[in-house]
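Thanks for coming. I'd like to take a few minutes to go through one structure with you. Please have a look at it first.

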Amino acid sequence: MSKISALSKGQKTKLIVLAAALVLLLAVPAVLDLGVSTMSILITVLLYMYYASAWNIMGGYTGLFSLGSGIYIGLGAYITAVLYCELGISPWAGILISGLVTGLLSMLIGYPTFKLQSIYYSFATFAILLAMLTVFKNFKTVGGLKLGGAEGYKIPSGYSPMNMQFTDKLSYYYIILALLVLVLLASWFLSHSRDGYYFRAISANKDAAASLGVNVIGMKLRAQFISAFFFAVGGGFYCMFMNYIDPSKLFGNDLSINIMVMCVVGGANTLWGPVVGAGLMYTVNRVVTIYASSVSGLANIVFGVVLMLVVLFMPGGLLPFFQARLEQRKAQKELKGGGQG
């Protein structure tokens with residue numbers, strides 16, 4: 001019997017739904033003339049889904065809530081830009097190099113901070129984020145390499161597919177869609193691997209995991225590297241998509257906090273929770289921005305209220321909450337059916 005035929009009816013249904021969704025995501029932008037503005041919104045939504053899924057590898061699986069995602073996104077963006085503009089290295093290679101370099105740097109950051117208790121680890125990542133913001137806003141050059149300072153880093157625009165520069169948004173859409181699929185596949189394999197079980201054991205009780213022989217610090221460093229790698233790759237994509245890096249945006253606290261909120265609201269420690277949370281919260285942000293733009297900071301207030309409500313009434317996140325409700329209804333129907341029989 002083949003693996004596909006061995007799947008349960010529910011698993012086959014999920015595969016069909018996922019395949020249909022992927023076909024729609026691939027076909028709709030190519031078939032419909034969505035316009036530059038709509039395509040930019042779609043790309044941004046997919047990018048936030050990607051960021052939230054990358055955060056989930058560290059914050060969801062190991063339970064360490066980082067408030068410094070922007071550290072790795074910003075480093076990935078700057079390294080990719082410098083490699084391209086200063087050294088002539090194609091962004092296709094640059095984003096991979098930035099991912100590896102940033103991943104290694106993240107381990108240097110992680111080793112001392114992992115020894116802190118969870119809440120102090122979060123504060124430490126936030127402090128490092130603010131330090132990075134100060135550095136990149138105040139230094140226009142470092143070691144002879146241009147950084148731009150507070151004015152930001154401008155990347156020359158043009159048309160060169162070899163350098164990830166296109167005249168249309170559709171190409172960028174397919175790139176970020178491919179990256180999203182890649183990070184989701186990595187998350188799925190991790191969650192079903194031995195490392196994934198170790199990550200969850202550390203999240204549940206790191207002392208108990210250590211007593212059973214799990215190298216807690218080593219596993220955290222591994223999760224940190226993977227998460228930071230994907231963040232940096234996303235940052236590299238972002239800088240080429242925008243042709244500009246604003247240090248205040250990447251190293252500011254809004255980006256990092258929003259990514260964490262998106263993952264937690266959707267359901268951390270799940271595969272699709274970050275995707276659902278990012279899609280929902282970005283939509284809320286857009287609606288508030290469009291219809292209540294005159295009220296400064298309202299979007300952040302709404303984010304905070306949604307997070308508070310989810311933590312109070314759906315502590316596992318939206319996706320696990322509704323999945324539990326569906327399973328409960330299914331069990332009740334089965335009981336009623338059994339009772340009638």
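Which elements each supply at least two residues of the lining of the second largest pocket? They are α3, α9 (216–242), α10 (247–250), α11 (253–266), α12 and α13 (298–313). Before I go on, please keep in mind that this is a predicted model.

Staying with the second largest pocket, its space comes to about 660 Å³. It has 33 lining residues, and those nearest its centre are Thr44, Tyr48, Lys249, Tyr282 and Asn285. Helix α3 supplies the largest share of this lining, 7 residues. Sorted by class, the lining of the second largest pocket holds 19 nonpolar, 11 polar and 3 charged residues.

Now to the largest pocket. Its volume is about 1600 Å³. There are 32 residues lining the largest pocket, and Lys14, Leu15, Leu18, Leu271 and Trp272 are the closest to its centre. At least two lining residues come from each of α2, α3 (35–60), α7, α12 (273–291) and α14 (318–340). Of these, α2 provides the largest share, 10 residues. The class count for the lining of the largest pocket is 24 nonpolar, 5 polar and 3 charged.

The largest cavity holds about 40 Å³ of space, and α3 and α9 are the elements that give two or more residues to its lining. The residues that line the largest cavity are Trp55, Met58, Ser66, Tyr72, Gln224, Ser227 and Phe231. Here α9 gives the most, with 3 residues. By class, that lining has 4 nonpolar residues, 3 polar ones and no charged ones.

Last, the surface. Which residues form a nonpolar patch there? They are Leu22, Leu26, Val181, Leu185, Trp188 and Phe189, and together they have about 540 Å² of accessible area. Two helices, α2 (9–31) and α7 (170–191), each give two or more residues to the nonpolar patch.

Is phenylalanine 189 buried or exposed? Its relative accessibility is 55%, so phenylalanine 189 counts as exposed, the cut-off for that class being over 50%.

To tie two parts together, α2 and α7 give residues to the nonpolar patch, and both also supply lining of the largest pocket. Helix α3, in turn, gives the largest share to the second largest pocket and also lines the largest cavity. That is what I had to show.

Conventions
Residues are numbered from 1 along each chain as its sequence is written. This is a predicted model: local features need pLDDT of at least 70, side-chain atom pairs count only at pLDDT 80 or more; totals for chains, interfaces and linings use all residues. Side-chain values use heavy atoms; hydrogens and water are left out. Patches are made of residues with over 30% relative accessible area and no salt bridge: like charges are joined within 9 Å, nonpolar side chains (Val, Leu, Ile, Met, Phe, Trp, Tyr) within 5 Å. Accessible areas come from the Shrake-Rupley method with a 1.4 Å probe; for residues, only the protein chains shown count as cover. A salt bridge is a side-chain nitrogen of Lys or Arg within 4 Å of a carboxyl oxygen of Asp or Glu. Helices (H or I, at least four residues) and strands (E, at least two) are DSSP runs, numbered from the N terminus. Buried means under 20% relative accessible area, exposed over 50%, partly exposed in between (1.4 Å probe, protein chains only). On a 1 Å grid over the protein atoms alone, a cavity is a set of points where a 1.4 Å probe fits but cannot get out, and a pocket is an open set with protein on both sides within 12 Å along at least five of seven lines; lining residues have an atom within 4 Å of a point. Grid points are joined across faces, edges and corners, and a volume is the space filled by probe spheres set on the points. Ala, Val, Leu, Ile, Met, Phe, Trp, Tyr, Cys and Pro count as nonpolar, Asp, Glu, Lys and Arg as charged, and the others, Gly among them, as polar.
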